[in-house]
Structures are given as C-alpha cells and as structure tokens.
2 protein chains.
Amino acid sequence: MNTTKPKKSPGRPVSFDHDEALDKALNLFWLRGYEGTTMAELTKVMGLNRPSIYAAFGNKDELFQKAVNRYISEPTAFIAEALKKSKSRDAVNKLLNDAADFMTKKNTPPGCMVVLSALVCGKESENIKKFLISCRDNLECALVQRFKVARKNKELPPDTNISELAKYYVTIHQGMAVQAASGATKKELLSIARMAMNAWPS
Amino acid sequence: MNTTKPKKSPGRPVSFDHDEALDKALNLFWLRGYEGTTMAELTKVMGLNRPSIYAAFGNKDELFQKAVNRYISEPTAFIAEALKKSKSRDAVNKLLNDAADFMTKKNTPPGCMVVLSALVCGKESENIKKFLISCRDNLECALVQRFKVARKNKELPPDTNISELAKYYVTIHQGMAVQAASGATKKELLSIARMAMNAWPS
DNA sequence: TGATTTATATACCGATCGGTATAAAAATAT
DNA sequence: ATATTTTTATACCGATCGGTATATAAATCA
C-alpha cells in the first residue's frame with residue numbers, strides 16, 4: 001500500500017543535500033580530529049547554520065559518529081574489497097598498498113580518520129575514543145577471520161599465530177597513518193608496506 | 001669570584017619543586033594530549049595556581065614543549081641507550097622491546113607522548129603538531145646515522161636502503177604507540193616487535 | 001485563502017577556554 | 001623596624017566552547 005507512496009510531507013523542504021553536508025563534516029573531522037573541530041568551523045564548511053546541523057545530524061558526538069560510519073562505508077571500502085582476494089597474502093598486500101595510496105590522496109586529509117581522530121583526548125571525549133577503538137578492532141577481527149580461512153585452506157602454516165599476524169598488520173596500517181599525518185609520501189608508505197610483507201609466514 | 005656565591009635573592013621563595021611539578025604536567029599531557037589538557041586540570045594535578053605555572057613555565061604551549069623535552073631526556077632515555085649497542089640489529093631489537101615495556105608501564109599513560117599528543121589538531125595548535133613531528137624526525141635521523149655506520153662496518157649489505165629501513169622501524173614504533181593507546185598489552189607489543197625484525201636485511 | 005507543519009536565520013545561553021590584574025604573604029636588604 | 005623583591009592566592013578578563021530559544025520563511029493540507 002504505502003510502499004509506492006512518495007508521501008510528500010508538509011513544511012518547508014530541506015534546502016541542502018544531506019550526504020553532501022555530511023561529507024563536508026567528515027573531511028573537517030578527518031583533518032582536525034574530534035576535539036580540534038569546532039561547531040563554528042563545521043557550520044562554515046557545511047554551509048549550514050547550527051540549528052540545521054543539530055536537526056539533521058544531532059549533536060557533535062552524533063555527527064562525528066555518522067561521519068565515521070560514512071567514512072567506513074564509502075571512502076575506505078577498498079579495505080573490504082582487498083579482503084576478498086583469493087589468497088590472504090594478496091589481500092594483505094593489496095590492503096597496505098591501497099592504504100598507502102588512500103592516505104596520501106591530494107583532495108583528502110592525510111592519514112586515516114579512524115586511527116587519528118581521537119587517540120588521546122579530554123575526559124568528555126572518552127566515549128568517542130572508545131568508539132574509534134572499536135572501529136579499529138573491527139578491521140583486526142576481519143583480518144583474523146580472513147586468516148582462519150586461509151589456515152584451513154593450507155594457505156598458511158597450521159601453527160600460524162593468527163591473532164598476532166592480524167595485530168601486526170593493523171599496527172603497520174596504524175603506523176602508516178601516523179606517517180601520513182607527519183607528511184610521508186605515497187612512495188615512502190609503499191616501501192613500508194613492502195617491508196612489512198617480510199613478516200609473512202613462510 | 002661569584003662562582004661559589006649561592007647569592008640568595010630576596011623575595012618570597014618558591015614553595016614547590018620545579019621538576020616535580022613539570023613531571024605532573026608531563027603525565028597529564030601524555031594522558032590527554034595537548035588539546036585535551038586544560039589549564040584548570042593542570043593546576044589541579046600540579047598543585048599550583050595559575051600565576052605560579054605561568055611564572056615558572058610560561059603559557060600552555062611553552063609548558064607543553066618543556067614537558068616534551070623532559071620526556072625525551074628522562075623517561076625515554078632508553079632509546080639513546082639502545083642505539084649504543086655494538087650491532088645495529090641488536091640496537092633496533094632492544095629499542096622496540098624496551099618500547100613495548102615502556103608503553104605499557106603501570107604508572108604512566110599508555111603509548112608514546114611524542115607520537116600521540118597532537119597528530120591532528122585545530123588551527124591554533126599546528127605549531128605544536130609541527131614541533132612533535134620534528135621530535136619524531138630526530139629519532140628517524142638517529143636511526144639513519146646508526147645504520148650508516150653499520151653499513152660501513154659491513155654489518156649491513158652495501159645496497160641497503162638505509163632511509164627506508166629507518167622509516168620502517170619508526171613506523172613500527174609509532175604503530176605500537178597507537179596499539180598501546182588502544183589497550184594493547186606488553187605481550188602483544190613484544191610480538192609485534194618480534195615480527196617487525198623479520199624485515200631486517202639478510 | 002487560511003491553518004498547519006517543517007526548516008531556516010538570528011541571536012543568545014551558561015560553561016569553559018587560556019591568560020592576567022591585583023593585592024596579600026614571605027623572604028632579603030639596609 | 002622599614003623598604004624592597006618575589007611568590008602566592010583570589011578573582012576576574014574577553015573569547016570561544018557546544019547547544020538552543022525564538023521568530024520568520026516556505027512548503028502542504030483543508
């Protein structure tokens with residue numbers, strides 16, 4: 001019945017594109033971190049006034065989390081893509097190489113938003129810090145799952161410590177994010193990625 | 001003449017220990033980062049009122065930089081110590097293993113202050129961010145110097161890319177700092193350090 | 001054409017930010 | 001003692017923080 005109803009609701013229509021505005025917020029949080037970003041700056045880059053932001057996205061915490069969720073689903077979709085590779089070594093290799101490219105893109109801030117936005121913070125932002133930690137844990141868990149399959153497929157030695165291997169490569173990823181935020185080039189990140197592959201079980 | 005003069009100056013004497021207060025500030029900056037630390041919190045943990053802090057250490061920026069300089073000279077002196085090892089491989093191995101222990105100590109915040117305190121920040125803190133980047137560069141340069149000696153001593157293959165090797169190991173160090181800030185244990189950091197040594201030139 | 005509903009713009013809120021003016025307290029100098 | 005010098009404690013500063021009350025603008029509903 002109401003599945004085909006556009007059902008235009010009354011009232012003044014929204015005058016901005018929701019996802020476009022969210023992307024603007026995402027890029028600012030990415031560049032400045034959670035605490036370094038102010039609502040005043042957000043209103044500027046989003047082109048909205050405060051009440052519109054609060055009505056559409058909630059308060060600063062909620063806006064940030066929505067930005068991170070969009071960051072994970074959209075610009076860093078290459079991660080999920082890399083994990084689909086048939087060989088787990090290729091998956092990790094692609095993951096790190098794509099990350100090197102991604103973290104040094106011209107039109108986006110350097111590094112990884114999930115790694116850098118709130119590593120340390122004031123008391124009031126501890127929940128945001130924990131939220132980002134859980135996001136990073138998700139990648140680590142995904143690697144563990146991928147490696148379990150690989151070990152079952154005899155692609156990894158049966159005595160491989162999968163947890164350690166996964167943690168090692170997310171550590172590389174996080175170290176690359178720090179490097180990118182410090183001004184490292186794509187070439188430099190690629191060399192780091194290449195050297196990190198030397199730890200792959202033989 | 002005046003070399004042996006204590007020359008007690010007039011005026012009310014300082015009622016606190018300078019370095020002790022600086023250590024308190026150091027630990028708070030270490031835990032909360034530069035932006036996450038407020039002067040109000042600093043007065044509490046240092047046990048001083050604001051004018052005393054400003055008189056003894058300058059403003060927030062200067063206090064932070066003095067805290068970092070103390071951090072580099074005192075608690076992380078193990079880094080300079082590790083680099084003195086006769087074999088460069090032992091030096092790096094000791095550096096990473098000691099870092100694993102240091103970053104997960106009970107009585108100090110997790111991770112490394114120089115890595116974590118201001119990776120991303122608001123416009124007003126950009127100078128602090130650059131200051132920390134230069135501190136991290138110093139470690140990388142020290143590694144490069146150490147590796148140059150090692151290559152000359154035939155301890156490293158003549159075609160070793162020393163810059164890449166140094167950047168790789170500081171990246172490991174920085175990744176470990178992120179891991180520690182995310183709750184990683186000493187055991188986990190040690191396993192990362194061990195795996196990272198697989199990249200050593202054969 | 002009202003009446004209703006939603007979004008916009010402006011102005012403002014108390015709280016907190018980093019930093020300081022002011023005056024009392026505690027030492028030395030004469 | 002009295003004056004001088006430095007540190008202490010209190011109170012306060014303008015600016016900015018995240019968040020919101022209020023009223024106007026723009027749409028649909030009847």
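1. Of the 25 residues around DNA strand C, which come nearest? They are A:Gly11, A:Arg12, B:Thr38, B:Arg50 and B:Lys60. Both chains are on that list. Bear in mind that this is a predicted model.

2. Next, the elements at strand C. α3 of chain A supplies at least two residues of the surface near DNA strand C. So do α2 (39-46) and α3 of chain B. The most comes from α3(A), with 4 residues. By residue class, the surface near DNA strand C holds 11 nonpolar, 8 polar and 6 charged residues.

3. Now DNA strand D. Two or more residues each come from α2 (39-46) and α3 (50-57) of chain A, and from α3 (50-57) of chain B. The largest share of the surface near DNA strand D belongs to α3(B), which gives 4 residues. Its residues divide into 11 nonpolar, 8 polar and 6 charged.

4. Then the contact between the protein chains. How many residues does the contact take from chain A and from chain B? Chain A gives 35 residues and chain B gives 35 residues. On the side of chain A that touches chain B, five helices each supply at least two residues: α1 (18-36), α7 (113-116), α8 (126-152), α9 (162-181) and α10 (186-196). α9(A) gives the most, with 11 residues. That side of chain A has 16 nonpolar, 13 polar and 6 charged residues.

5. The largest nonpolar core has 115 residues. Within this core, A:Ala25 and B:Ala25 touch the most other members. What is B:Ala25 in contact with, leaving aside its neighbours within four places in sequence? The partners are B:Leu42, B:Met46, B:Leu63 and B:Ala67.

6. Finally, the fold of chain A. Chain A has 10 helices and 0 strands. Read along the sequence, the pattern is α-α-α-α-α-α-α-α-α-α. The C-alpha atoms of chain A fill a box of roughly 65 × 50 × 35 Å along the principal axes. Of the 202 residues in chain A, 40% are buried. Among contacts in chain A with a separation of 6 or more, 63% join residues 24 or more positions apart.

Note on methods. Residues numbered from 1 in each chain as written. Chains lettered and ligands numbered in written order. Predicted model: local features only at pLDDT ≥ 70, side-chain atom pairs only at ≥ 80, totals over all residues. Nonpolar A, V, L, I, M, F, W, Y, C, P; charged D, E, K, R; others polar. Near = placed C-beta within 6 Å. Core = buried A, V, L, I, M, F, W, Y, C linked by C-beta atoms within 7 Å. Buried ≥ 20, exposed ≤ 12 C-beta atoms within 10 Å, placed from the backbone. Contact = placed C-beta atoms within 7 Å.
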